[in-house]
Amino acid sequence: MRVIVDGAGVIVPAGSRALDAVRIAGAEVPALCADPRLAPYGSCRTCMVSIEGGDGPVPACTTPVAEGASVCTDDPVALQTARLALELIVGQLPESALDQAPERSELVRACRRLGVERSRFRGERDGERDDSHPYVKYDPKLCIACARCVRMCDEVQGTFALAMVGRGADTVLAPGSGGLWSESDCVSCGACVDSCPSGALSEPGLLDPRPLERTTTTTCGYCGVGCTLDVHTRDGEVAVIRPNREAPVNRGHACVKGRFAHGFVRSPDRLTAPLIRRGGALVEAGWDGALGHVAAELRRIRDAHGADAIAAISSARATNEENYLMQKLMRVAIGTNNVDNCARICHAPSAAGLSASFGLAGGTNPFEDFDRAGVFLLCGSNPTEAHPVVGARIKQRVIAGARLVVVDPRRTELAGYADVHLRPRPGTNVAVFNGLAAVLLDEGLIDDRFIAERTEGLEALRELASDYPPARVEEISGVPADDLCRAAELYGRGERRAIVWGLGVTEHAHGTDGVRALCNLAALTGSVGTADGCGANPLRGQNNVQGASDMGAMPDILPGYQKVSDADVAQRFGDAWGIEVRPERGLRIPEMFDAAVAGRLKALIVFGEDIAQTDPDSGHVRAALAACELVVSQEIFLSETASLADVVLPAASFLEKDGTFTNFDRRVQRVRPALDPPGSARPDFEIIRALGAELGVDLGCPTSAAAFAEMASLTPTFAGISHERLDAEGPIAWPCRSADDSGERALYRERFETPSGKAQLAAVPYAAPGEQPDADFPLLLVTGRRLEHYNAGTMTRRTGNLRLVPEELLELHPDDAGALGIGDGEAVRVASRRGEILVTADVTERVSPGQAFIGFHFPEALANLLTSQHGDEVTSCPEYKVTAVRVRSVA
């Protein structure tokens, strides 16, 4: 529509309100109860405008405009009305409320705009300041009762932890039931603080009155959602991090980690100088000495034992450019394909399954498609904790009417919103997914035309599915047959179906089969590669686990998933790099440990991963590290792994480096440095280039932009992406094959990327997990993530998040706890066939009888000392989700 604002014509979307038109026109009116992320509210009456032909002033935030409407923002009557409303608001506040800097307070800016210096009305709210929460600081005396905080919690985050209490002029915000903020259900996303216009809600970095000096827009370095953040710095330190409101991924939202957990950056135990082990102890050294020592040892080992006696574990935490350079270092400077990354131990089955079923190793649809999904099939994923912005978005869709089926042995938050919650025994996913396919086929809940035109393998799948009637699936998995049928009906009859999965699908002995069985469900219903379908989408765990694999940091592929065994591909890369690319697959991460223990692997470079804490069967990992003649760790802290290394190289955090990350929906996004690394720490990009030089090899790529450009020149799926385009246009999804290609957000609209161009239905039978309980180890342990912490906890345990969750807990069902004589909060010993740990019991019905759950964020409760080496038959991804244990009281 064309609307006139103060005499100037602007084009606005149909359905816009007057405030939308005013903002599009670049005009200004105060709007203290309005936030673009929220539905119109209309309580403060500070956004009054006049509309030609109207009866008088109207609130711009709630008043729709029609084609040709003329809006006036400086109408005297409207201004006087707004000024009176603002005086009434200010009259309830202490006079100091207007002493805040205008850039910190929307209220102060509104007062300046309307000429309100003080109020004719006086009254002051009661209430004591609440500083109980490590991040959210609340001063009720500054509350203007706009309810933006409550609505952000309800409409964006979906936690419903806040409320407005009181009546009339005494109305004020209250957390939870009115107690301390730290005792409420707040999940610390910071949305309330970000929206507060008056300063009633604040955070530590804003309590300092000094101005913020610089703002850097970058991408979050925690989970794989890929939130865009604005990092505000002061005196060379992070003061505040806010979600970028224009970001296409997170749309002005974030979680407790990305929003607040930045204190680790200046933690006093950051590594600031290289360390070399001498006489059994790690001592400080200069860069020349450390890199020279590493290069000399690598040359010695290569000369004595061959290039394949050396391996590197690249980093899902690092940038695309750093991962590209690391795999290039190993292939060019060392001469081996022994390079892998932690996708191996999390989402390698997703890449393998998606590639086999549809052709490409990434999710099929953009995150935006979740907004239109009519039904979600959420499997083995707890996004409200592991991917909070995604979890909040799914929750809002379900609240708005979308249907939800959850497949998870644990009762997660979203399971509480589900129409059907299937709770299979750990390790039986494939049987459940095959059972869902059987019901879809038997009930005719399939897209016959799509199957005939765009898939292959139906008859083999139909024959297999006939072996998985609901009754048999119940015998295998414990999922009631009626629930299985209801879940299949909901998914099959739903519109705009979305399948979403996490590590609860992949981290199994048959994880790739689980992914392929889910892809079957998407293809059978025509939910992938079509305008109506919302696809099949894995939620990647770490910030760049997608990108690390995209960049070829794997033993059998080069960038863009081009195989080392493909002669043409190898020739192209070899010509560019001046080497002969070896065609044989290198070692995967679990194979590296086995080879080290067996004496075949002599040197291991561990880049940005704490394998001694996060990889399965930690005792075996530590034995592998001890067996190596050289272990090099690139880290930001002296982690469990770094403490066992021979050389430790101090690296930069994500807030101190330049490059790109690729998020879970294949979106390449810029990473920009907001700070300098501490001491003599360096970005990993510089460390890898310098190590190459010490080895006598010029890796080229003087900048991260040059590294991306070199990779893109060799990789058709990235050929159209560059730092220059990303800076100018924002995030771009791969495949993007040319400079005029905008990137494929939704895949396979015309054909699948398989040799035949059709989706491949897979007949994958159920097979038992690698580990089984018995009389000695009767419980099945599942490991996973907590909201407040991240992976090894290296970063989050050095922030205020430690106050929120100070220790790890073992979740036990009340029936099991009662039978074992264990009380809630009691110390227990948890033992598996590999090790034993001490932890505190959390007696809860979140887990089923016969099962237990633990996170892996605390080295004091080393969960992976318990887990096994059983792995996915296709990718070697470990079976983290099935470990037989026994639990005993310490008392």
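Leaving aside neighbours within four places in sequence, which residues is Asp513 in contact with? Asp513 is in contact with Val430, Val764 and Pro765, where contact means heavy atoms within 4.5 Å.

The model is predicted, so local features need pLDDT of at least 70 and side-chain atom pairs count only at pLDDT 80 or more, while totals for chains, interfaces and linings use all residues. Residues are numbered from 1 along each chain as its sequence is written, and side-chain values use heavy atoms, with hydrogens and water left out.

Asp513 belongs to helix 19. Asp513 is buried and has no salt bridge; Arg516, the nearest side chain of opposite charge, is 6.9 Å away. Buried means under 20% relative accessible area, exposed over 50%, and partly exposed in between (1.4 Å probe, protein chains only). A salt bridge is a Lys or Arg side-chain nitrogen within 4 Å of a carboxyl oxygen of Asp or Glu.

On the surface, Leu84, Leu88 and Phe121 form a nonpolar patch with about 240 Å² of accessible area together. Such patches join nonpolar side chains within 5 Å, from residues with over 30% relative accessible area and no salt bridge. Phe121 counts as partly exposed because its relative accessibility is 33%. Phe121 sits in the loop between helix 3 and strand 6.

An open sheet of seven strands runs in the order 14-13-27-26-25-15-16, with mixed pairing. Strands 14 and 16 are the edge strands, each pairing on one side only. Strands 25 and 26 pair in the parallel sense over five bridges (pairing needs at least two DSSP bridges), and Ala603 stands opposite Leu630 in strand 26.

| Strand 14 | 281-284 |
| Strand 16 | 339-340 |

Helices (H or I, at least four residues) and strands (E, at least two) are DSSP runs, numbered from the N terminus.

Note on methods: Patch = residues over 30% accessible without salt bridge, like charges linked within 9 Å, V, L, I, M, F, W, Y side chains within 5 Å. Areas by Shrake-Rupley, 256 points an atom, 1.4 Å probe, with all protein chains shown as cover. Lys, Arg positive; Asp, Glu negative; His and termini not counted.
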